Amino acid sequence: MNEICGDFVVVNPYVWLSNACVRFTDRIEDIYTLSGGGVAEGGLRIITHGMASTHTHLGLYPVRSTVAAGLDLDSWVKGRAWRWERFVRGNPEVSYLSSLIAATEMLLSGVTLIADMHFNEELVYRTLSEIGVKADLSVAIMDGGVFDSYEEALEENLRLLKAVQGADVKVRLGPCTPRLLTPEQFREIVTLAKQLDIGIHTHLAEVREDIEWLKSRYSISLKEFVDLVGLRDTDSIVAHAVWAEDVIDLLSSSNITVSHSPRSNILLGDGRAPVRRYLRHGVNVSLGVDVAPTYDLRDELKTYVSLHYPGEGPSDTLEAFRLSTINAYRGLGFGSGELSPGEVADLVVWSVTDPLVDDPLAQVIWGSSRVEEVYVSGRLILKEGRPVSSVDLLRVRERLHEYLREFSRSQP
Ligand SMILES: [Zn+2]
C-alpha cells in the first residue's frame, strides 16, 4: 500500500481537502485528512488526478513551432507537416524518438493519458509504455497525402489494432478528416470500427473550408455528412469541431468527446470553437495539444482560460481542469477523472514555490508548479521530477538531432 500526503488533495476541481493523504494500490483505497499543521516545509505540495491530452500528434514534435509561422491550416499541412511526415514514415525510428521527447514534456506537465493520432503508432505505443503513460492510439487514415493509398493507411491502422493490447491502451480507427477521404471511404472506416467494437478518432469541421468542400464537392451539409458516414452512434473523439454548431445534437450524444485545441486553432487561423455553448448543451468537451509550440498541457489550459469565446463569457481555471480530467477520462473510458475510493490511482504530486493567494488548482496552473511524482494505476512513473523509465533521454535527443540534420539536408 502506498501513501502520499499534501497540503491539498484535489478530489475534483470543485472539492479539495487541506492537509490530506491518499492511500492506494493500483486503485485508491482511502482519502483522509490529517490533524495538525502542514505537511511540507517551504512551498506547497498539491495532489491531483492526472490530466489527459485527447488529441495529439506526438510525431510532429520536432516541427511544433511551425504552427506559429503565420500559415493557415492548409498551407501549413502541405508546406510543413506533410514533408516532415513523409520523412517520418520513411524513418519509423523518428516516431519513437520524437514521441519520447514529446510525451516526456507532457508527463512533466501532469499528463497521464494521451490520445495520439499519427503514423508508426506501434512505436508511439512503445514510447508510452516505456514511460508508463496510458494511451489511446489511431492512425491518420487518408487517401493519398503521406500514404500511397487509402488501403495502405487503413491496413496500417488494422495492424496497430492487432499488435497493441493491454489494460492501459486502446486502439481506434482514425479517418483523418472529410477532405482527405471520400464519404464512402469514411463510411467504410466507421462501419468497420463498429464491427470491431472500437472507436473513431477524427478531425471534423476544423476550418470553414471543410464545410464548403462538402457543399461544393458532394452537395451535402455537415449534418448530412455525419448521417451518411454513420458517425451519429459511434464512440468518437471529434477533434476541433470549430464549425460544427449545426451538429450540436450529434456532439452532445453520450459517446462523443470533442477535443478542443485552442492554441492550434488560433495559430492556424481556424476560428474559435463555440466551446462554452457546447458545454451548456451537454457536449463532453476535453482539451488536446494537437500541435502547438509547447506540449506542456498547462499551456493549453492557460490559453483556454485566457480566451473570451465571443458571446459566451469568460471561462475559468476550474472548468479548464475539469475538461482535462473528468471530461477527458470519462470520454475516453479510462475512469471518472476524480480522486475517490475505488478509482484507478492516476495521481500527480505537484510542488509549488512562491504560492499564490488562491485555490490549489490555480496554484498548479498559474503558479510556479513542478511535477514531483506521478503514479499511473498506482505505479510510480516519475520521481523527484524525473521519469523513472530507464530510457536514456540524452541519447534519444542526440539520435533525433542526427535525423533532423538528415531531414534538413533532404529539403529543397
Ligand atoms: Zn490534429
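This is a predicted model: local features need pLDDT of at least 70, side-chain atom pairs count only at pLDDT 80 or more; totals for chains, interfaces and linings use all residues.

Q: Which residues of β12 stand opposite Ile237 and Val238?
A: Ile237 faces Thr257 in β12. Val238 has Val258 as its bridge partner there.

Q: And what does β11 do with β10?
A: β10 and β11 are also paired in the parallel sense, over 5 bridges. His201 stands opposite Ile237 of β11.

Q: Where do these strands sit in the sheet?
A: The sheet is open and has 4 strands. The order is β10-β11-β12-β13, with parallel pairing.

Q: Which strands are at the edges?
A: β10 (200-204) and β13 (284-287). Each has a single partner strand, so one side of each has no neighbour in the sheet.

Q: What's the average twist?
A: It averages 30° from one strand to the next.

Q: Is β11 mostly covered or mostly open?
A: Mostly covered. In β11, 5 of its 5 residues are buried.

Q: Which helix lies across β12 and β13?
A: Helix α12 (residues 317-332) lies across them. Its direction is at about 115° to β13.

Q: Switching to helix packing. How do α5 and α7 meet?
A: Helix α5 (residues 183-196) and helix α7 (residues 222-229) have axes that come within 8 Å. They cross at roughly 50°. The two helices are therefore oblique to each other.

Q: Which residues make that contact?
A: From α5, Pro183, Phe186, Arg187 and Val190. From α7, Phe225, Leu228 and Val229.

Q: What's the breakdown by class?
A: The contact of α5 with α7 has 6 nonpolar residues, no polar ones and 1 charged.

Q: What is phi at Asp197, then?
A: Positive, at about 60°, although Asp197 is not a glycine. Asp197 is in the loop between α5 and β10.

Q: Is Asp197 buried or exposed?
A: Exposed. Asp197 counts as such because it has 7 C-beta neighbours inside 10 Å, and the cut-off for exposed is 12 or fewer.

Q: What about Asp354?
A: Asp354 has a positive phi too, near 50°. It is found in the loop between β16 (347-353) and α13 (360-366). With 10 C-beta neighbours inside 10 Å, Asp354 counts as exposed.

Q: Zooming out, how is the chain divided?
A: Into domain 1 (2-50 + 337-377) and domain 2 (51-332). Their C-alpha centres lie 29 Å apart.

Q: How many residues does each domain put into the contact?
A: Domain 1 gives 16 residues and domain 2 gives 24.

Q: Which elements supply the domain 1 side?
A: α13 and β17 (368-376) each supply at least two residues of the side that touches domain 2.

Q: And what is that side made of, by class?
A: On domain 1, the side touching domain 2 has 9 nonpolar, 5 polar and 2 charged residues.

Conventions:
Residues are numbered from 1 along each chain as its sequence is written. Axes are lines fitted to C-alpha atoms, for helices over the stretch in contact, and angles run from 0 to 180 degrees between N-to-C directions. Angles under 35 degrees count as roughly parallel, over 145 as roughly antiparallel, 65 to 115 as roughly perpendicular and the rest as oblique. Two residues are in contact if their C-beta atoms, placed from the backbone, lie within 7 Å. Ala, Val, Leu, Ile, Met, Phe, Trp, Tyr, Cys and Pro count as nonpolar, Asp, Glu, Lys and Arg as charged, and the others, Gly among them, as polar. Two strands pair if DSSP finds at least two bridges between them. A residue is buried if 20 or more other C-beta atoms lie within 10 Å of its own, exposed if 12 or fewer, and partly exposed in between; C-beta atoms are placed from the backbone. Domain bounds come from an automatic or database domain assignment.
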